[in-house]
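Biologist: Could you take me on a close look at one spot in this model and the parts packed around it? I would like one connected account, please.

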Amino acid sequence: EVKIPSAPLLLRTSAFILFSLFFWNLVFPQTSAMGKMQEGLKLFSSGDVDGAAKIFQEIIQENPQHGPARLMLGQIALEHGDIQQAQQHLEIAVASKPQRIQLAWHLLGKVYLFQKEYQKALDAFDQSLKESPDFKPAFLERARAKIFLNQIDSAVEDLQKINEPESELLL
């Protein structure tokens, strides 16, 4: 004979499960953000940049300091030429130390180059290379900043480290 739990027991169990789920989302809010991030990254990778940006915006509405979403919004803004918006997102991203922080510093350095703030750009590329010493795009952009700062010998050293054909275009 199968016993069916009484209605009050079912209600208590359901209430406990709902409370547990609510509490879990309070304690671990990143779980829903992680799912949204994955969705946004899929859209971004498939070329739906506007759809991805909407999802990343939803994430920062819930958590304004969400580094990965800020990093992606900064990258999107930079690609659209919205330098000030890119700077805002990327400065928050580097402060929150996202998983790919070397990319956040690199993109922020590019923003500073566009703004002709060459020393700040150099500092950002140094940070990028501190996080990932073999990150070739940061060497290339750091060389560009050094050229603007008239540090030609040091720029050439950076270009020699990457040994890329595109590095000759800078000189």
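Modeller: Happy to. Aspartate 158 is buried, because its relative accessible area is 1%; buried means under 20% relative accessible area, exposed means over 50%, and partly exposed lies in between, using a 1.4 Å probe and protein chains only. This is a predicted model, in which local features need pLDDT of at least 70 and side-chain atom pairs count only at pLDDT 80 or more, while totals for chains, interfaces and linings use all residues. Residues are numbered from 1 along each chain as its sequence is written, and side-chain values use heavy atoms, with hydrogens and water left out.

Aspartate 158 sits in helix α9. Helices here are DSSP runs of H or I with at least four residues, strands are runs of E with at least two, and both are numbered from the N terminus. Leaving aside neighbours within four places in sequence, aspartate 158 is in contact with Phe139, Arg142, Ala143 and Lys146, where contact means heavy atoms within 4.5 Å.

Phe139, Arg142, Ala143 and Lys146 are among the buried residues of α8, and so are Ala138, Leu140, Glu141 and Ala145. The cover over these buried residues includes α9 (152-162), together with α6 (101-114) and α7 (118-131). The expected span is 1.5 Å times one less than the number of residues in the helix.

Just past α8, asparagine 150 takes a positive phi of about 60°. Leucine 149 lies in the loop between α8 and α9. Leucine 149 has a relative accessible area of 27%, so it counts as partly exposed. Not counting residues up to four places away in sequence, leucine 149 touches Tyr118, Gln119 and Leu122. Tyrosine 118 is 31 residues away along the chain, yet the two C-alpha atoms are separated by 6.7 Å.

Next comes α6, another of the helices that cover α8. α6 is mostly covered, with 12 of its 14 residues buried; Trp105, His106 and Tyr112 are among them. What covers the buried residues of α6 includes α4, α5, α7 and α8. From its first C-alpha to its last, α6 reaches 20 Å, close to the 20 Å expected at 1.5 Å a residue. After α6 comes lysine 116, whose phi is positive, near 60°.

Apart from neighbours within four places in sequence, tyrosine 112 is in contact with Gln87, Glu91, Glu117, Lys120, Ala121 and Ala124. Alanine 124 is 12 residues from tyrosine 112 in sequence, and 8.4 Å from it in space, C-alpha to C-alpha.

How do these helices come together? In soluble globular proteins, nonpolar side chains tend to be buried together. A nonpolar core here is a set of buried Ala, Val, Leu, Ile, Met, Phe, Trp, Tyr and Cys residues joined through side-chain atoms within 4.5 Å. The largest such core has 32 residues, and Leu71 and Leu90 have the most contacts inside it. At least two residues come from each of α4 (67-79), α5 (83-96), α6, α7, α8 and α9. The largest share, nine residues, comes from α6. Leucine 71 touches Leu90, Ala93, Arg100, Leu103, Ala104 and Leu107, not counting residues up to four places away in sequence. A second, separate core has 13 residues, including Phe44, Ala69, Met72 and Leu73.

Stepping back to the whole protein, there are nine helices and zero strands. Of its 171 residues, 39% count as buried. Of the contacts with a separation of 6 or more, 42% are between residues 24 or more positions apart. To return to your spot, aspartate 158 is buried, and its contacts include Arg142 and Lys146, which are themselves buried in α8.
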